[in-house]
Amino acid sequence: MIAPSNPGNAASAAVTAAAAAATATAAATTSSGTRLADSSDATQRIGGQPSQPTPAPARDGDPRVQLLEGVYPTFVPRNPGIQDGVWNARDADMVRAVLLGMDLPSLEQLAEHYGQPRFRAKQLLEGVLKGAHSVEEISTIPKQWRAQLLADGVRTGRSLLHHSVGDEDGTRKFLLQLHDGRIIETVGIPTEDRLTVCVSSQVGCPMRCTFCATGKGGFARNLSAHEVLDQVLTVHEQFGRRVSNVVFMGMGEPLLNLPNVIRAYHGLNQDIGIGGAFITISTVGVPNAIARLAAAKLKATLAVSLHAPNQALRETIIPSAKAYPLEALMDDCSSYFRATGRRVTFEYTLLSGVNDEKAHAEELTALLRRYSLMSHVNIIPWNPVDESEFKRPSRNRVYAFKQAVEAAGLPCTVRETRGLEAAAACGQLRNQFQKQPLPQFEVPL
Ligand code: SF4
């Protein structure tokens, strides 16, 4: 089951900051007496439809009530079961509750908070999973409660579709605009019997792998769990068919955002119904993170992006590898396999003239054999990125590398390049549109 958004992440930091600001300004109360965040903020969140603040008397000695001229005072909303006191991050999360990604007990608490029967929680969840982009669209709950939720800044957690491009082979790439105006990429890859979504786990990426367009675009923040679920729901809606597989191979390094990735995994599995074995988490390696992933006991596949068979070469391609030697990474992969019984797969992006020699393939298989990790190798012929010094290897070169890996007894596949990938490698489309948050944007409801 998934929990509400992580108070420790950057988004929550922003929320906390906003909450602090709210203490210094003012807030408003609903007609029902439910306490609200500051009215200007609520106005923004509900798309410019201001809720009507009800004047409430200031309370003596309450440090939160520092009035600006013309702003009505009120009291901040509290989490269920918590009495008046100092505003904290939990309160902020409550006010800006995001329904997508909340587990049923949390939704039941929300319903209870509003004096609604418990079964309403399930209606909220079903409404969002069935595609409501705003609380207003959840027609199974009473109209008056919908209005209250909207006025209190409760959001479904759905993003806005900013842009999309498609290819003849059916692959479609979507740019999604988040509530803070930032943009992420997500890709839907259909085949006859599958619909795979390649999800982003961060806005940008701090790892700066030299061959990657996302790495060139910089890093802004981690995604919350609901922002991952939203990507999958978007692809489901846009394709009009069930998503069967999810791979965390879009923008970002998932193991740098592990708590939210684990929450998203549970949401994908339990709320959206995607089998754990059909979810893949890909990493270039983050110290101490693989053991934490093993401890989470997920059924997902771990895919480790090696891209080089030795430390010296790897460091030139993946700068972060300097802080995480290849031997340590391979040790962690062995431990992961022993702890979970799940085979690790290895990704290897082939860069012409850099890591695509037969000798590299032999060194790679020797490395995997040494660590008893004779599992699957997935070769990814590099997709061109603007202003990059790398070149895509020839088809012959790719298949020679594959043969060399297979000759050593390892199962090996070459990732098929979809038409869209050839035209827009991961992160490239987003870089064309945005490196900074949009200066002006519509806030999702
Ligand atoms: S390859 Fe992955 S980890 Fe490396 S910069 Fe790109 S998104 Fe980040």
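Modeller: Two strands are said to pair if DSSP finds at least two bridges between them. The model is a predicted one. In it, strand E4 (residues 195-198) and strand E7 (residues 245-248) pair in the parallel sense, over three bridges.

Biologist: Which residue in E7 is the bridge partner of Thr196?
Modeller: The partner of Thr196 there is Asn245.

Biologist: And how do E3 and E4 run, parallel or antiparallel?
Modeller: Strand E3 (residues 183-190) and E4 run antiparallel and are joined by four bridges.

Biologist: Which way do the residues of E4 point?
Modeller: Leu195 and Val197 point one way, while Thr196 and Cys198 point the other way. All of these are buried. In a regular strand, side chains alternate between the two faces of the sheet.

Biologist: What is the strand order in the whole sheet?
Modeller: The order is E1-E2-E3-E4-E7-E8-E9-E10-E11-E12. This is an open sheet of ten strands with mixed pairing. Its edge strands are E1 (160-166) and E12 (412-414), each of which pairs on one side only. On average, neighbouring strands of the sheet are turned by 20 degrees against each other, direction ignored.

Biologist: Which helix packs on the sheet?
Modeller: Helix H14 (residues 395-407) packs there, touching strand E10 (345-350), strand E11 (377-381) and E12. The direction of H14 makes about 170 degrees with that of E12.

Biologist: Why is E9 described as largely enclosed?
Modeller: Four of the five residues of strand E9 (residues 301-305) are buried, so E9 is largely enclosed by the rest of the structure. Buried here means under 20% relative accessible area.

Biologist: In what sense do E8 and E9 pair?
Modeller: Strand E8 (residues 279-283) pairs with E9 in the parallel sense, over four bridges. Ile281 has Leu302 of E9 as its bridge partner, and Ser282 stands opposite Ala303 in E9.

Biologist: Let us turn to the loops. Where is Asn288?
Modeller: Asn288 sits in the loop between E8 and helix H10 (289-295). Its phi is positive, about 70 degrees, although Asn288 is not a glycine. Most residues other than glycine have a negative phi.

Biologist: Is Asn288 buried or exposed?
Modeller: Asn288 is exposed, with a relative accessible area of 58%.

Biologist: What about Ser372, and where does it lie?
Modeller: Ser372 lies in the loop between helix H13 (358-370) and E11. Ser372 is not a glycine, yet has a positive phi of about 50 degrees. With a relative accessibility of 54%, Ser372 counts as exposed.

Biologist: Now the helices. At what angle do H4 and H5 cross?
Modeller: The axes of helix H4 (residues 104-113) and helix H5 (residues 119-129) cross at roughly 120 degrees and come within 8 Å. The crossing of H4 with H5 is right-handed.

Biologist: Which residues meet there?
Modeller: From H4 they are Leu104, Leu107, Glu108, Leu110 and Ala111, and from H5 they are Arg120, Ala121, Lys122, Leu124 and Leu125. By class, this contact has seven nonpolar, three charged and no polar residues.

Biologist: Against which helices do the buried residues of H5 pack?
Modeller: They pack against H4, helix H6 (143-151), helix H8 (225-239) and helix H9 (258-271). The buried residues of H5 are Arg120, Ala121, Gln123, Leu124, Leu125, Gly127 and Val128. H5 is followed by Gly131, which has a positive phi near 115 degrees.

Biologist: There is a ligand as well; what surrounds it?
Modeller: The ligand is surrounded by Cys205, Met207, Arg208, Cys209, Cys212, Gly215, Gly252 and Val284. By class, this shell has five nonpolar, two polar and one charged residues.

Biologist: Finally, how many helices and strands are in the chain?
Modeller: The chain has 16 helices and twelve strands. Of its 445 residues, 54% are buried. Among contacts between residues at least 6 apart in sequence, 65% join residues at least 24 apart.

Definitions and conventions
Residues numbered from 1 in each chain as written. Predicted model: local features only at pLDDT ≥ 70, side-chain atom pairs only at ≥ 80, totals over all residues. Heavy atoms only, no water. Axes fitted to C-alpha atoms, helices over the stretch in contact; angles between N-to-C directions. Helix = DSSP H or I, 4+ residues; strand = E, 2+ residues; numbered from the N terminus. Left-handed = near helix turned anticlockwise from the far one by under 90°. Contact = heavy atoms within 4.5 Å. Nonpolar A, V, L, I, M, F, W, Y, C, P; charged D, E, K, R; others polar. Near = heavy atom within 4 Å. Buried < 20%, exposed > 50% of the residue type's maximum accessible area, 1.4 Å probe, protein only.
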